[in-house]
Protein chains: 2
Amino acid sequence: MRRPFAMTPRRELHTREMDEEHLQSLKVNTQRLMEDIHYTSRWGTGEKWGEKPTETGVSRLALSDADKEARDWFIHATEALGCHVTIDEMGNIFAVRPGVKNDKPPTFVGSHLDTQPSGGRYDGILGVCAGVEMLKVLADNWVETEYPVGVVNWTNEEGARFPISMMSSGVWAGYIPLDTAHNAKEVHPGTTTMGAELKRIGYMGKMPCSHESMPMAAHFELHIEQGPLLEMSNKKIGVVTGVQAYKWLQVTVKGRETHTGTTDLKSRADALLTAAKMILHSHKLATANNALASTGILHLKPGSTNTVPGEVTFTLDIRAQSDEAVARMEHLINHDFHKIASGENVGGLNPGCPLDALNTGCTPGLPCTVTIKEFFKSPATNFNPLCIDAVNRAAHSVLGPDSQDLVMEMTSGAGHDSVYTNKRCPTSMIFVPCREGVSHNPAEFCKDEDCALGAQVLLQSVLRFDRMREVQRVTWKQEPYTLEDVHASENARTWEMDR
Amino acid sequence: MRRPFAMTPRRELHTREMDEEHLQSLKVNTQRLMEDIHYTSRWGTGEKWGEKPTETGVSRLALSDADKEARDWFIHATEALGCHVTIDEMGNIFAVRPGVKNDKPPTFVGSHLDTQPSGGRYDGILGVCAGVEMLKVLADNWVETEYPVGVVNWTNEEGARFPISMMSSGVWAGYIPLDTAHNAKEVHPGTTTMGAELKRIGYMGKMPCSHESMPMAAHFELHIEQGPLLEMSNKKIGVVTGVQAYKWLQVTVKGRETHTGTTDLKSRADALLTAAKMILHSHKLATANNALASTGILHLKPGSTNTVPGEVTFTLDIRAQSDEAVARMEHLINHDFHKIASGENVGGLNPGCPLDALNTGCTPGLPCTVTIKEFFKSPATNFNPLCIDAVNRAAHSVLGPDSQDLVMEMTSGAGHDSVYTNKRCPTSMIFVPCREGVSHNPAEFCKDEDCALGAQVLLQSVLRFDRMREVQRVTWKQEPYTLEDVHASENARTWEMDR
């Protein structure tokens, strides 16, 4: 399999022959990149937040009709650039551009085209479009990589429609069973499943969804930071060294449905009032423990103005730097939520003052019960040192003399498909700032120049990694990786000199 | 128009000829009454809560297919008992049994056959079935009333599907515009309206929905208490003298949708955390002000585990004995909710301790905004003294020598159709105890003997009122009645002696 332009071999530029000057001369086209980002937002156009035509969000839930159209575009665009496209049984789309040596796995760039129900134009989309832009730069410049390079669109990264985030990279990595994923019910209205929707839109591929069927030499992901740190510290590129730990809990409070007008406060087992105390308390626990706690979904029954809710179910997303810190939060939540449900006066963050407690000023009511169920967890992730280094070098190279002031190492607050790829292949990520750190919001915004800088660092990281694979042989083993070796380093100095 | 059995005039018993012994000899048939209650629960059978076949709730939203079937049964049952049935343009069904003098309005018994989404077998249904049982007792005993008596099934009393409670008695009384009612959208999924559903199930009658088209001499309503007071004090009958004031507010909190993993606590405008504080605070305000505050519906956007909610809308049902107390609660809620939204530390019910406040232990975040909209109100209601007296006398007569220990006067915590009929005709209500005061719950339960006692008091109240209309002439004017006179009292002593 060869790309059409490979028919004129004398004009090809091989990455192994490139020097630093050559590498730096390969530039992404900012306008072309932004056109792809804005063009694809027609599929699932979201809420308008500004005057310009590009100032709307994107609402493109996984496997919706809009998602199908964005997928079709992705396949069309990458095939036109000479890629071979494969779809696996989770609908992951792998576009691979052949290199010189095609008996080894490709170096991948990946992210996702699905969005939150009221998401923006950049989350996931920037990473995929930057991958497509990379393919265009390689084609324009007749670059022949040593090994194949690929771009992957992962299915249902958001977990917004089918409530397991990073679902299909999780299946690929062997951490989420295929059946669990196929049988996942959509959050609302809950009448269909992931598997049924994959079939409906024609994206249930034949290839098994597995790192064995589609191995990767590495996975690089460009993403908006989705937080305020880069912007607040005037940095341009975040070199992501890992992802914080998190866990998703489903909390169900059961009380008693009663009439709001005839049931005095002390005769109530009000499931919503109890849930409100829990949500407030989880925030206080997060504050006290340098963690995050967030409730994004809440359903109650029966849902009538004049009936005290008898049952409330809500999600609790807890995050912290380490697995231990998340475990500690979970322990406190379990301990305190049962007390809150039974009517005990939890608080005591200031033991000297008994009034610092949830129930102060409340009427004691009848007890509720609570059950807490974990439905997703993502342990703290440490990205691969070689990939982190490749990104670091690319960033400094792209940003030039002032790069020390413009690049920072950081951990990601959010999970990404890179969390799962990191379990099976060397992985790292590149962050670019987004306005006020806002994401999962129609008004999510990343400057054109920052999108392009990120894409440039991504391109450079992939090319450097491709060169590294050729000139180096490195053996490593890092938990929880099962991938045990990549080409061993033979000449670290050659690579050093590239900087 | 005459009932068929009126063809054998010599066996008729006229109410004006009855003495106390006659009156007391007219007994409801407990088994027959309970059979009607349990038989009709087949339409919209709800959640099972016990082992017996009758131990399920009822889920019969207004104008659903199940409601249509219950309506059909009501018409069939009352026509078979010699009633003339009329349906108005709100689907209210009036079944009228002729009396001797049919040029005057009927004395009505009324309640409703619709239920909450997960309601019980008694709320509303007991009142309608007791009306049907009254018609059966009158028929069995060949009783001829002086004036016509009727039974009315009011449409959408619950306001659970179309969110205006007591909607159709409200239209009848001229307090809710017909258009507002017809255009009311169902709560969920919101794709149809009251008017469309009335047409769909064939219950949009031709008669205008108005107290002028269907005048009432009086309206008596039997209902389960839906609260714990009768049971707690070992009473059998509550003579209801009025209904507490209440107001329904819709509260909308707007914050900012952001990613749960990447947005630190101080960079959030968390609409749900803010709403949780408001719900807890409304409960504290109710506790401090001897009022009730309840949230029964809460929706949030966008509804994803890893997105901080940007918008939350919830209902707030506030109730108190007087209109002034409700107004005071509303003032406090308005005042404090705006502070809570902006991030101020509201609390201070114990001014000596600054820790007694919602925000103690919280991370200060970004401000949210709040809007509060009233969507329903029901001022405090005082029932008609003559009707209250009729119920009082009937209750003491039915309960016999120990009646002083078994009857209590009380106000209703819930609104009922009687609130609106009271604006246009003399009205009062009869309460019977229900288990643990639980209502709006599948496990709502009223003992057979208590259902029958209530029905017996209802029957006696109607007969006593019918006699009263004959022997008395009373003129009164009571705000906010516009009905200015009923037959004036001429001989109060005659009526006294009936007891």
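I will take the ground rules, then the cysteines, then the helices.

This is a predicted model, where local features need pLDDT of at least 70, side-chain atom pairs count only at pLDDT 80 or more, and totals for chains, interfaces and linings use all residues. Residues are numbered from 1 along each chain as its sequence is written, chains are lettered from A and ligands numbered from 1 in the order in which they are written, and side-chain values use heavy atoms, with hydrogens and water left out.

Cysteines. How many disulfides are there over all chains? The count is 0, where a disulfide is a pair of cysteine sulfur atoms within 2.5 Å. Take A:Cys83. Its nearest cysteine sulfur belongs to A:Cys129, 14 Å away. A:Cys83 is buried, at 8% relative accessibility. Buried means under 20% relative accessible area, with a 1.4 Å probe and protein chains only. Now A:Cys362. The closest cysteine sulfur is in A:Cys368, and at 12 Å that is too far for a bond. A:Cys362 is buried too, at 12% relative accessibility.

Next, the helices. These are DSSP runs (H or I, at least four residues), numbered from the N terminus. Helix α9 of chain A packs on helix α9 of chain B, residues 271–288 in each. The angle is about 130°, and the axes are 9 Å apart. Axes are lines fitted to C-alpha atoms over the stretch in contact, and angles run from 0 to 180 degrees between N-to-C directions. Which residues make the contact? Contact means heavy atoms within 4.5 Å. From α9(A), they include A:Leu272, A:Ile279 and A:His283. From α9(B), they include B:Leu272, B:Ile279 and B:His283.

Note on methods: Buried < 20%, exposed > 50% of the residue type's maximum accessible area, 1.4 Å probe, protein only. Helix = DSSP H or I, 4+ residues; strand = E, 2+ residues; numbered from the N terminus.
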